[in-house]
Amino acid sequence: MITIDSLTKSYGGNTVVHDITFTAREGRVTGFLGPNGAGKSTSMRMMVGLTTPTEGTATISGRRFADLPNPGREVGVMLDASAQHAGRTGREILTIAQQIMGVPASRVTELLDLVSLTGAEADRRVGNYSLGMRQRLGIAAALIGDPSVLILDEPANGLDPAGIRWMRDLLRDYADHGGTVLLSSHLLAEIEIIADDIVMIGQGRIVCQGSKSSLLQAAGTVVRAADVVVLQGALAAAGVASTVSEDGSLRTEADTAVVGQAAYDGGVVLTELRNADSGGLEEMFLELTADTQRERTAA
Amino acid sequence: MTATSAIKADQTHIGRRTEFAQIPLSRVVRVELRKMFDTRSGFWLIASIGITGLIATIATIAFAPDADLTYYNFAKAVGFPITVILPMVALLSITSEWSQRSGLTTFTYVPSRGRVVGAKTLSAVIVAVASMLFAFAIGAVGNVVGSAIAGTPTVWDLSVGHAVTIVLGNLISLSIGTMLGMLLLSSAGGLVMYFVLVLLVPNLTSLLAASQDWFRHLQPWVDLPFAQTFLFEGMHTGAEWAHVATAFTLWIVLPGSFGLRRVMRSEVK
């Protein structure tokens, strides 16, 4: 379990992480979601003692990272897969991890198999690795000590779709066996596929957090009918406010049962009725981080 | 997918509470020693000590006047490349964690940066002592072969005490690399400063000493490369030890402690 309590980091007068508090629980994949520069990486560096917090604490199973006697056996960390000496081979990087953690030498081959790096690839210098291969190597290094907690910064970056699926299965499996996973991403789609819990961060502040299902529910309902105007009228009659999306569907905060009943009462034939899943969360993501993003819409 | 079954096999016990033993310093030293050799650049840097040592021996036999074919001169010729190269080994082992960003993993395996830097320094000392033994051995071979070729008597003019001060002198050179590495945390900047300190500064101080009388008396106290020559040429007086100790404090201990603070506090990213 990772417990983050009022973690704050300031550089001079500039606060990049502002009083964040959350918990990544055992058996769950917690997604740390935010646009670039939101403070995700700084927060993760504070969790593992690479950056000293200005205020607040981060503990792993109740202890500060720096107080863990052999951290690699308890926490697997991958902050930047490219942060390796380009002149070492992949196998050598895993061997260094294996030796310092004091795990059997056979773990190196096991982990290479696990992340599907071939023997020939493992003997190449990481300077020649693609980003996807570095991510796989980074995952292998994080897992080699058989830890119960994983902290991964943008692990899906540079992976192809098959790789992202592989990563999802691997982390799902890891969490299902009781592990704690905290992973960050600036891509909502990735987080939505992998995470059970979501912590959304923008400009160093947590803008919302909760289980994915509760956040999805909060995202509302998408409904579509042959005649949108009639549908909107029927919803309004039932006291349900809605907005017309660009694609001609209606969006509302009411849940599907309420919307379905209202349409039935109004005699409207629906062509679609569903939870606003990805689209809804994305809208929330964009909305919640609207005043914190770099790109402002031209309108 | 095979990946899934593999992770299941070894992670059925995630979440168990095991109290792990502290990583022993000897293990950190062993790994840091390994890291000095496991890249092409690191390997050749250390290999160059042996290669230049051999070249120096051959050059001494070929070019030195017969009267100079003594053990001390051979050991000095073989030892010179060590004096120049070892500090770079010590420096790069520290700065590469920042310049190559591998510190991001190193310091998550061993969060105590003091232990990591300590282990790096110990590893460098091990390499230094091994290289010096190599230099003394090659020097002995050169001395025997050289005097046989020249037909002069083989002269063994290096006492054990003098050999020890030569090793000490090289360890001081090495500590220049350690100090600069901690202070600058940058491979490029560290190497530039290193050459400024060992090539440029001695020239400037000797110029100053030649023209300024007050500095000539002060020099052995404040000029570390100058004080080191006492160690290389054999210590004779207690005053020389005092010079070495004072210059070492000024050049290594004071800036080194600032450097250590930087290592402990700087953000690794």
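View 1. Helix H11 (residues 238-265) of chain B has 28 residues, and from its first C-alpha to its last it reaches 39 Å, close to the 40 Å expected at 1.5 Å a residue. Here the expected span is 1.5 Å times one less than the number of residues, and helices are DSSP runs of H or I with at least four residues, strands runs of E with at least two, both numbered from the N terminus. H11(B) bends by about 40° at Thr249(B); the bend is the angle between axes fitted to the seven residues ending there and the seven starting there.

This is a predicted model, in which local features need pLDDT of at least 70, side-chain atom pairs count only at pLDDT 80 or more, and totals for chains, interfaces and linings use all residues. Residues are numbered from 1 along each chain as its sequence is written, while chains are lettered from A and ligands numbered from 1 in the order in which they are written.

**View 2. The buried residues of H11(B).** Which residues of H11(B) are buried? Among them are His243(B), Val244(B), Ala247(B) and Trp251(B). Buried means that 20 or more other C-beta atoms, placed from the backbone, lie within 10 Å of the residue's own; with 12 or fewer a residue is exposed, and in between partly exposed. The buried residues of H11(B) pack against helices H6 (113-150), H7 (160-184), H9 (213-222) and H10 (224-233) of chain B. Chain B comes to 11 helices and 0 strands.

**View 3. The open sheet of chain A.** Six strands make this open sheet, in the order S5-S6-S7-S3-S8-S9 with mixed pairing; two strands pair if DSSP finds at least two bridges between them. Strands S5 (75-78) and S9 (205-211) of chain A stand at the edges with a single partner strand each, so one side of each is left without a neighbour in the sheet. Strand S3 (residues 29-33) and strand S8 (residues 197-202) of chain A pair in the parallel sense over 4 bridges. Look for Gly31(A), whose bridge partner in S8(A) is Ile198(A).

**View 4. Where chain A meets chain B.** Here 43 residues of chain A are in contact with 38 residues of chain B, contact meaning C-beta atoms, placed from the backbone, within 7 Å. On the side of chain A that touches chain B, helices H2 (90-101), H3 (106-114) and H6 (161-176) of chain A each supply at least two residues. The largest share, 6 residues, comes from H2(A).

Key:
Contact = placed C-beta atoms within 7 Å.
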